[in-house]
Amino acid sequence: MTRKKILTVLRVAIALITLAAVVYAVARNWADVSVHLDQISWSTFLWSTLAAAVGTWLTMIGWKTLLRDLGSDLHLAPASGVYFVGQLGKYLPGSLWSVLVQADIASHLKVPRRRTAVTGLLALGLSLLTGLLVGLPAASFLLTRASTGFDWWLLLGIPIVVVLCFPRLLNAIIDRMLRTLKREPLEHGLSAGAVLRAVVTFVLVWLSFGVHTLLLARAVAGEGAHPDLTTAAMTGYALSVSLGMLTIVLPAGLGAREGLLTLILSTAMPTPAAAAVAIMSRFIVTIVDVLAALGGWLYARSHHLLSERHAQESSDLPA
C-alpha cells in the first residue's frame, strides 16, 4: 500500500472514530441531563451555552495569536476551519490528536506542520497553566471541603506566573523539543507581547466558562445558594478541566472532569445538584464543540482543505 493510501485510510479512520466518540459523549449524558432539564429555564440554558461558545471562540483566538507570532497569520475563517475541526480530536483518548489533525489541515494552507504542531502544544500548555492559576481558589474547596479561606493558595500561582511571563524559557523548551525530535528549529521564537496576549486570552476563556458554570449552578441551587457558590463555580470549572487534561488516557477528561467539578460545587450546594450541573455542563460544551467543528468543517470542505489534491500539494512543502 502506498504512502498516500495509508494516509487516506488513517484520516478516514480518525474521522470515524472521532465522530463515534462525540456521539457516544452526547448519548451517554442525555439520560441524566433530561432528568434535570425542568430545573433549568431555557433562557438560563441559552445564556450558559452562549458563555460556553464565547469561551470556545476565545480559545481559538489564543491559538491564532500564537500561530501568527510564529509566522502564519491566518484570517479568522481559515483559522476557525483548522482549529475547530482539529478540536474534535480531544474526544479521543490522549491529548495530541487535535494537534495532529490541525497540523494536517493547516498544511493545506501552506503552514509548516511543525509550526502548527508547536502552536497546538503551546496552546495546550498555556491553557493548562492559566487554568490551574484561575482554579487556585477552587483547590481550597477541593482539598479542605470547607470554606476556610484560600488567600495563601494564591502564593502557588507565583511559579506559574513566572513561567508565563518569560518567553525566553518557552522558546528554550521549544528548541529543545525540536532538537530531540530531530526537526528544524522555528524561524524565530515567541515574543513577549504575543505570550502576554495569549495568556490574557486564555484567562478570559476560563472566566467565560466560569460564567457558564455559575449560571447553571444558580439555576439548580435555587434561592438558597451558599455564599461560596460564586467562587466555587467561577473557578471550579477551570481547575476540574485543567486536572482532567492531565488524565490523557480519557477522551477530553471524560468522567474525571465531572467528578472533580461535582466535588468542588458540592461544598456550596447539595451533591446531587452539583452532579446535575457537571453533567449539563458537559452536555452543553460538547454540543458547542460539535457545532463549532461543523462550521469549521464546512469552511474547510468548501475550500478543499480536506481534499487529496491539496494534501498531495502540501506533502511537498517543507516540514
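Helix H3 is mostly covered, with 10 of its 12 residues buried; buried denotes under 20% relative accessible area with a 1.4 Å probe and protein chains only. Helices here are DSSP runs of H or I, at least four residues in length, numbered from the N terminus. The model is predicted, and local features need pLDDT of at least 70. Residues are numbered from 1 along each chain as its sequence is written.

The buried residues of H3 include Pro-78, Tyr-83, Phe-84 and Gln-87. Among the elements that cover them are helix H2 (42-69), helix H4 (97-107) and helix H12 (271-302). The length of H3 (residues 76-87) agrees with expectation, because 12 residues at 1.5 Å a residue should span 16 Å and the end C-alpha atoms are 16 Å apart. The expected span is 1.5 Å times one less than the number of residues.

Attention now turns to the second largest pocket. A pocket is an open set of points on a 1 Å grid over the protein atoms alone, where a 1.4 Å probe fits, with protein on both sides within 12 Å along at least five of seven lines; lining residues have an atom within 4 Å of a point. The second largest pocket has a volume of about 180 Å³, this being the space filled by probe spheres set on the points. Its lining comprises 11 residues, of which Leu-121, Leu-122, Gly-125, Leu-170 and Ile-173 lie nearest the centre. Helix H5 (113-134) and helix H8 (167-180) each supply at least two lining residues, and H5 gives the most, with six.

Note on methods
Predicted model: local features only at pLDDT ≥ 70, side-chain atom pairs only at ≥ 80, totals over all residues. Heavy atoms only, no water. Buried < 20%, exposed > 50% of the residue type's maximum accessible area, 1.4 Å probe, protein only. Contact = heavy atoms within 4.5 Å.
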